[in-house]
Each structure stands twice: as C-alpha cells, then as structure tokens.
Amino acid sequence: MTAIRTKLGLLASAAALAALPAGAQDKPGFKDTPVLPDGKWRVHDADRPAPVMVTPAAAPGGAPADAVVLFDGTSTDAWRADRGAWPVADGAMTIPSRAASGGESNLVSKQSFGDVQLHLEFRSPNPPTKASQDRGNSGIWFMQRYEVQILDGYQNPTYADGTVGAVYGWRPPLANAARKPGEWQSYDVVFERPRFAADGKLVRPAYVTAFLNGVLVQNHQAMLGTTVWRQVAGYKAHPDAAPIQLQDHDSPVSFRNIWVRPLPEAAIDLGGEGK
C-alpha cells in the first residue's frame, strides 16, 4: 500500500509540474557544486544555457537544418568558376576538360567561411587512365589556402603526403580508406581557421579533423600554412573568412551533396590563444 501511495504521489507531482508554465518549472541542476575551470559555470549548473536545437537530416549524410548547402545536385549557383563552368548531370557536377574550359577552372564558393564543418562526396573517374598524382586528382582548399587532398587512392602508389586524405605536402592520412574508382566517397571535415594578432603574427595555426568514408584520416592536425607544391608551407595573415575552393587538376572528378555548417567561436578550443 505504501508503495502504491508513493507512486500515486509521484505521478500527481509530475502532473502538477507539467501543468505549470515553462518559466515556472524548476531548472534541473545544482548551484552548490564546484566551479569549473572556465570560471563561468558550476558542475551541473542549473543556469547553464541548453544546447541550440538543430534538426538533423532525415538520411545519413544529408544537410542538417542549419547548414549552408553549396551543391544539392541541381545547380552551381553557389559557386563561380575560374573559366569554364562545371557541367551538372545526374545529380553531380564534374570538373570539365581543360580543352572545354580554356584552361584551369577551379570552382570557388561565392560565400566566405572561417571555422566550418564540411560534408562533401566525390567520385574518381572510372576506368582510371593515368597514375600517381594524375589519377583522380582534386582538392578541398579551405579559405582558398589550406588543402585536404582528393585523389584516386585505390591501388595507386604516390608520395604519402599527396594521397587522398592527406594534408597536402605535410601530413599523410592515418589510414588509406579509399574506395575503388567510380564509387562515391565521402569527406566529413572540421576546419578551424588560423588566428592572427593585430600585427599579423600567427597566434594559432589552422587545424583540420577529417573522416574519409567514415574513417578518421586526420585528427585535429595542425597545418603548416598555405599549401604549396614542393615547398614547405607557411602562414601570411589574411581575413577571418574566405571562400572554399575545389581544385581543377585536369581530371574529371565528380562531386555531389556539398554542405557546410559555419561553426561558432564556442566550438573552437582556443586555450587562451587567439582571443
């Protein structure tokens, strides 16, 4: 009988609480716990703001509600090409031949970004006709400076810091997770822009975390600076936002389902730097 009364009492209390206006309900949490190292909040602080609600996509890999969709399979309106336009067919866009475009035609986003989460899917041409760096080569250039390599990495020997998943010219991927040419592959990347002091001095380098086909290939890897070929990269101060660029390396790589989420400052652990 006591157990029944207790249960009824709890149900009645819950019903009464639910009937109260949202603002009148007690905030779950505590105000008598130790202060966390950030000096702002206590452990389990009742007043700490709740996370912002973001509606995820209905299907894996789809764009969440707060994403900026750069390519949905129908239009390249979010981009400008250096020369010839990238043709769109069957829900994908493909790097045009240099003969058709009149030369190198990188694709540059019209919108500028700093810290971002990026999702992108790509497909290397099949059958492959070349080897090493001439086989399925492209790249994601964050801020038009910092490259994460795209390449046909399936049974295609090349230098380690130039294969798919590499921070080009610096860090090889932690694993080769490449699919066969002709198969769609996915990148999920978190890019943290570099921070510069007012005098242009580097305060904090750029960092990249990247998953290729669901496999971690770069783990919060510091970048050396602006990507260059056959040289050591270095930093030069630049604005806090710049376009994303897809590289034309004279190979008909295709792309689909490209979206980004600009990240708030709270997403970046500055550790006292860059503030």
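Me: How are residues numbered, and which parts of the model count?
Reply: Residues are numbered from 1 along each chain as its sequence is written, and side-chain values use heavy atoms, with hydrogens and water left out. In this predicted model, local features need pLDDT of at least 70 and side-chain atom pairs count only at pLDDT 80 or more, while totals for chains, interfaces and linings use all residues.

Me: How many helices and strands are there in the protein?
Reply: The protein has two helices and 15 strands. Helices (H or I, at least four residues) and strands (E, at least two) are DSSP runs, numbered from the N terminus.

Me: Why is the pair of Phe-142 and Phe-191 called stacked?
Reply: Rings of Phe, Tyr and Trp (its six-membered ring) pair if their centres lie within 6.5 Å; planes under 30 degrees apart count as stacked, over 60 as edge-to-face and the rest as tilted. By this rule the count comes to seven aromatic pairs. The centres of Phe-142 and Phe-191 are 4.8 Å apart and their planes stand at 5°, so the pair is stacked. Phe-142 belongs to strand 7 (residues 138-142) and Phe-191 to strand 9 (residues 184-192), so parts 49 residues apart in sequence are tied together.

Me: What makes the pair of Trp-86 and Phe-255 tilted?
Reply: The ring centres of Trp-86 and Phe-255 lie 5.8 Å apart with the planes at 35°, so this pair is tilted. Trp-86 is in the loop between strand 2 (79-81) and strand 3 (88-89), whereas Phe-255 is in strand 15 (residues 254-262), 169 residues apart.

Me: Which strand runs antiparallel to strand 7 over five bridges?
Reply: The partner is strand 8 (residues 146-150). Two strands pair if DSSP finds at least two bridges between them, and five join strand 7 to strand 8. Phe-142 has Tyr-146 as its bridge partner in strand 8. Strand 7 also pairs in the antiparallel sense with strand 14 (residues 242-246), over two bridges, and there Ile-140 stands opposite Leu-246.

Me: What makes Arg-98 and Asp-248 a salt bridge?
Reply: Their closest N and O atoms are 3.3 Å apart, and the two form a salt bridge. Arg-98 lies in helix 2 (residues 98-101) and Asp-248 in the loop between strand 14 and strand 15, 150 residues apart. At 28% relative accessibility Arg-98 is partly exposed, whereas Asp-248, at 1%, is buried.

Me: How many salt bridges does the structure hold?
Reply: The structure holds twelve salt bridges. Among the residues involved, Lys-27, Lys-31, Asp-45 and Asp-47 are linked in a network.

Methods: Salt bridge = Lys/Arg side-chain N within 4 Å of Asp/Glu carboxyl O. Buried < 20%, exposed > 50% of the residue type's maximum accessible area, 1.4 Å probe, protein only.
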